[in-house]
Amino acid sequence: MRYLTEHQVWSVTGSGTDWSVHSRTDDAAGEPVRARAVLLATGAYERQLPFPGWTLPGVVGAGGAQAMFKSGLVLPGRRVVVAGSGPLLLAVAASLAAAGARVPAVVEAAGYGPYVRHTGTLLRNPAKLAEGALYGGALLPPPGPVRCSGTPSSRAHGTDRVEAVTVARLDRDWRPVPGTGRRVPCDALAVGHGLVPELSLATALGCATRTAADGTAALVLTPGLRTSVPGVWAAGETGGVGGAQLALAEGEIAARTVAGRAVPASLARRRDRLRAFADAMGAAHRPGAGWTGWLRDGTAVCRCEEVPAGRVREAVEELGATDARTVKLLTRAGMGWCQGRMCGPAVAALAGGETVADRRPLACPVRLGQLAELPAD
């Protein structure tokens with residue numbers, strides 16, 4: 001068995017039982033790896049919904065703030081508002097508070113009322129409930145944060161960096177309710193709305209996708225975690241965001257299926273239970289269609305190409321764009337360094353459509369010399 005560390009896969013070519021996996025390191029091209037089967041476990045990245053002031057220094061992703069602390073014990077600020085939607089917010093806030101930061105507010109856009117519709121699923125996952133209670137309990141002692149259930153971060157204020165955020169109550173469609181705004185002073189804002197499955201390799205291979213409960217694109221998988229492409233399996237966040245425990249269960253199921261071994265019934269049940277909880281969680285925190293009302297025409301939507309919301313709206317209302325791809329061609333939104341990973345959900349929402357997985361020939365930047373080494377067929 002070969003174990004390659006610090007390699008990044010940029011393409012998978014082949015079919016059936018004959019695959020070539022192409023990778024690179026920071027310094028050189030890796031040797032192609034030949035395989036009879038491919039298991040994709042490419043994880044996910046943060047979903048960001050733009051709002052006025054989100055480009056100010058001091059505004060970071062919620063997961064990014066946690067990564068900063070875990071990797072280098074660096075805090076994004078001393079007084080950090082945590083905002084957005086999803087259970088990750090509590091984990092981030094608890095980590096920041098434990099590291100010595102003051103968290104004046106945890107701002108949850110969706111609230112937790114929708115979980116009531118999934119009481120049975122919750123009760124079948126007591127470990128998940130205990131985990132949430134643990135994070136919430138870490139924020140209880142004074143001076144604990146104000147929990148602003150049902151409010152988003154609707155605007156960040158500042159000149160050289162963020163100095164405060166304005167939050168406002170939402171209606172059921174995530175539209176700000178007039179007259180409910182209040183200003184919260186801070187020197188950093190950690191904001192995120194869950195995660196987006198990383199599907200670049202899968203969609204390049206032609207794997208079919210579906211719309212997951214949280215509104216993101218995820219792979220269509222069989223109970224044995226096969227994709228729609230023969231010889232390709234997937235596990236973890238590629239099939240829908242669900243957390244580490246679900247990813248471990250799916251990884252074991254996929255490995256057994258690839259090897260032609262039986263999947264224990266207990267393992268299949270655990271996977272089904274965790275997936276049901278993930279779907280309930282995703283549905284509860286799925287952004288409402290009205291969130292685009294936060295965006296002023298001058299608010300940057302695509303940061304790489306500096307495309308504001310007004311230009312995207314112009315492409316839709318005056319130039320006839322009906323999907324994110326057409327908006328991209330008319331405005332360059334999504335043509336920058338991140339290739340639409342950050343702005344894709346926002347552009348799709350402004351265009352009035354669902355977020356769909358992009359199909360890219362390359363999963364990451366690669367040198368021309370490496371492309372030239374590919375076989376002609």
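Ala-357 is in contact with Leu-199, Thr-203, Thr-209 and Ala-217, once its neighbours within four places in sequence are set aside. The model in which these contacts occur is a predicted one. Ala-357 itself belongs to the loop between α10 (344-350) and α11 (368-372). Its C-alpha atom lies 9.1 Å from that of Arg-210, a residue 147 places away along the chain.

The aromatic rings are a separate topic. A pair of such rings is described by the distance of the centres and the angle of the planes. The structure has two aromatic pairs. In one, the ring centres of Trp-174 and Trp-294 are 6.3 Å apart and the planes meet at 10°, so the pair is stacked; the cut-off for stacking is an angle under 30 degrees. Trp-174 comes from the loop between β11 (162-167) and β12 (182-185), and Trp-294 from the loop between α7 (265-284) and β18 (300-302), so the pair ties together parts 120 residues apart in sequence. Trp-174 and Trp-294 are both buried.

Trp-294 also pairs with Trp-291, and here the arrangement is edge-to-face, with 6.0 Å from centre to centre and 70° between the planes. Trp-291 is buried, as is Trp-294. Trp-174, Trp-291 and Trp-294 together form one aromatic cluster.

Another tryptophan ring, that of Trp-54, has a charge over it: the charged end of Arg-303 sits 4.8 Å from the ring centre.

Notes. Residues are numbered from 1 along each chain as its sequence is written. This is a predicted model: local features need pLDDT of at least 70, side-chain atom pairs count only at pLDDT 80 or more; totals for chains, interfaces and linings use all residues. Side-chain values use heavy atoms; hydrogens and water are left out. Helices (H or I, at least four residues) and strands (E, at least two) are DSSP runs, numbered from the N terminus. Contact means heavy atoms within 4.5 Å. Rings of Phe, Tyr and Trp (its six-membered ring) pair if their centres lie within 6.5 Å; planes under 30 degrees apart count as stacked, over 60 as edge-to-face and the rest as tilted. Buried means under 20% relative accessible area, exposed over 50%, partly exposed in between (1.4 Å probe, protein chains only). A charge sits over a ring if NZ of Lys or CZ of Arg is within 6 Å of the ring centre and within 35 degrees of the ring normal.
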